Amino acid sequence: MTELRRPKKQSGDLQEEKGVARKKTTPTKHKLTQSKTLPTKIDVFILRHGEAGNRMTVPEEDSERPLTPAGRIEIQKIAKSLKTVGLQTDRIYTSPFRRARETAEITAKILKIPILEEWDELKPDGSKTALYRKLAKVEQDSGLILVGHEPYLSSMIGEIIGSKGARIDLKKGGLGKVRITSFTPQVSGELRWLLTPKIITGMS
């Protein structure tokens with residue numbers, strides 16, 4: 001940028017002019033610094049839990065249904081494929097329901113994710129409003145994985161991209177990626193991709 005130059009002053013006026021200049025420029029610089037804000041950008045990877053035991057064949061309550069042996073194997077394959085293609089994050093948040101927690105634990109172990117936390121907001125009946133408040137506190141320009149259930153996850157994706165009526169089918173073990181760009185006046189962002197387990201495992 002070209003700097004604007006004032007006409008040269010006579011030597012008798014130089015000291016007085018310098019003092020005036022300091023008073024005028026200092027508040028201006030301070031004002032520019034205060035008004036500068038960074039845009040929101042958080043990449044959220046949305047993972048649905050793997051195949052779990054059928055409600056009719058598992059005596060435990062719904063929250064305690066574990067992954068089936070086939071479900072565990074599939075999640076292992078999915079996580080290994082994500083590692084191969086270079087997905088990197090340092091945190092994963094999961095519904096406390098057993099099938100989601102086991103999905104998160106397998107994924108965290110294979111991807112070497114150091115932070116794994118249970119969030120009640122990711123339960124099937126959890127509050128998405130409360131979830132967005134938590135996400136708003138996450139460090140900018142970061143990425144994280146959310147593990148949960150349907151139809152909660154599809155509904156969340158629809159809200160973020162501003163299309164609550166969108167027909168989104170997130171299969172068990174499926175993974176979506178949304179980029180949140182704002183939390184005010186409401187959460188908003190864009191859908192980057194939506195992958196089935198078959199597509200994910202075929203990438204590696």
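Which residues have the most contacts inside the largest nonpolar core? The close-ups below start there. This is a predicted model, where local features need pLDDT of at least 70 and side-chain atom pairs count only at pLDDT 80 or more, while totals for chains, interfaces and linings use all residues. Residues are numbered from 1 along each chain as its sequence is written, and side-chain values use heavy atoms, leaving out hydrogens and water.

**View 1. The largest nonpolar core has 23 residues.** Those with the most contacts inside it are Val44, Ile46, Leu131, Leu135, Leu144, Leu146 and Met156. A nonpolar core here is a set of buried Ala, Val, Leu, Ile, Met, Phe, Trp, Tyr and Cys residues joined through side-chain atoms within 4.5 Å; buried means under 20% relative accessible area with a 1.4 Å probe, protein chains only. Strand 1, helix 4, strand 4, helix 5 and strand 5 each supply at least two residues, and helix 5 gives the most, with five. Helices (H or I, at least four residues) and strands (E, at least two) are DSSP runs, numbered from the N terminus. Apart from this core lies another, of 21 residues, among them Leu82, Ile106, Ile145 and Leu195.

**View 2. Helix 4 passes helix 5 in a right-handed crossing.** Right-handed means that the near helix is turned clockwise from the far one by less than a right angle. The two axes come within 12 Å and cross at roughly 65°; axes are lines fitted to C-alpha atoms over the stretch in contact, with angles running from 0 to 180 degrees between N-to-C directions. Lys128, Leu131 and Tyr132 of helix 4 meet Tyr152, Ser155, Met156, Glu159 and Ile160 of helix 5, where contact means heavy atoms within 4.5 Å.

**View 3. Helix 3 is mostly covered, with ten of its 14 residues buried.** Among the buried ones are Arg99, Ala104 and Leu111. They pack against strand 1, helix 2, strand 2, strand 3 and strand 4. At 1.5 Å times one less than its number of residues, helix 3 should span 20 Å, and its end C-alpha atoms are 20 Å apart, so the two agree. Just after this helix, Lys112 takes a positive phi of about 55°.

**View 4. Helix 2 and helix 3 pack at an angle of about 35°.** Their axes are 9 Å apart, and this crossing is right-handed too. On the helix 2 side, the contact includes Arg72, Ile75 and Leu82; on the helix 3 side, it includes Glu102, Ile106 and Ile110.

Conventions. Buried < 20%, exposed > 50% of the residue type's maximum accessible area, 1.4 Å probe, protein only.
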